[in-house]
Amino acid sequence: MKNIIVAICGASGSIYAVNLLKILLAQPVRVHLMVSEAGRRVMAHEVPGFADDMAGLLTEQGAIFHEDACLRLYLPDDHGAGPASGSFAHDGMAVIPCSMNTLASIANGITANLIHRAADVTLKEGRKLLLCIRETPLSLIHIDNMARAARSGAVIMPLCPGFYFKPRTMDDLGRAMAERAAVHLGVLSDSFSQWGEESFDV
Ligand SMILES: Cc1cc2nc3c(=O)[nH]c(=O)nc-3n(C[C@H](O)[C@H](O)[C@H](O)COP(=O)(O)O)c2cc1C
């Protein structure tokens, strides 16, 4: 059974996180979820019916849970939680959406909250770290921080969905990007989001 860490930060794009959680929890996956203070604030703004009960929120958003799926929520200031330690074995961490603040902390080894710390140990242990960043335009500081994080092994995945698959709804956009992240986390197979004739039928 896979263990995946998902961190939601205070960048715009809660829809991507909701879609990734729905994909992960439809599989026999243990999801370790952490939401920053700002992440809660932005989610409350962007997700209709946002509530502290994440499982309830996901159900409302149409999630279908695998019978072996498991969702564990951590407080962002819980520095004693399992994911704060390098001994916590997991199969990958996605920060989605990743704010410029959290990117800067991770790129510079600053561990002010559990999200930064979990990302820090993920990198030092050589595990997969996806940083699904959202900001535009980018300053050189942002670009330098992305380069620093990438040099330490992070995968920088800007939240820029493609349009060649002809999305019709916002949810299509959110799901397409989340599927790309799930492929990188090894939860969906490589062929899932591959270019192919069938995917482009109108
Ligand atoms: C509605 C709203 C949207 C925001 N969107 C972004 C964004 O897209 N990218 C970003 O880097 N910060 C964004 N911010 C600012 C972050 O929330 C802020 O920098 C915060 O300190 C990030 O904290 P965190 O990294 O702990 O989540 C947004 C804030 C609000 C209130």
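User: In what sense do strand β1 and strand β4 pair, and over how many bridges?

Analyst: General idea: strands of a sheet pair through backbone hydrogen bonds, either parallel or antiparallel. Here β1 (residues 2-8) and β4 (residues 93-98) pair in the parallel sense over 3 bridges. Strands are DSSP E runs of at least two residues and helices are H or I runs of at least four, numbered from the N terminus; a pair needs at least two DSSP bridges. Keep in mind this is a predicted model: local features need pLDDT of at least 70, side-chain atom pairs count only at pLDDT 80 or more, and totals for chains, interfaces and linings use all residues. Residues are numbered from 1 along each chain as its sequence is written.

User: What is the strand order of the open sheet?

Analyst: Its 6 strands run β3-β2-β1-β4-β5-β6, with parallel pairing. The edges are β3 (70-74) and β6 (155-156), each pairing on one side only.

User: Which residue in β4 is the bridge partner of V6, and what does V6 touch?

Analyst: The partner is A94. Contact means C-beta atoms, placed from the backbone, within 7 Å. Leaving out residues up to four places away in sequence, V6 touches A17, L20, L21, V31, L33, A94 and I96.

User: Which elements give two or more residues to the shell around the ligand?

Analyst: A residue belongs near a molecule if its C-beta atom, placed from the backbone, lies within 6 Å of it. Here 16 residues surround the ligand, with C9, G10, A11, S36 and A38 the closest. The elements are α2 (37-46) and α4 (100-107), and α2 gives the most, 5 residues.

Methods. Contact = placed C-beta atoms within 7 Å.
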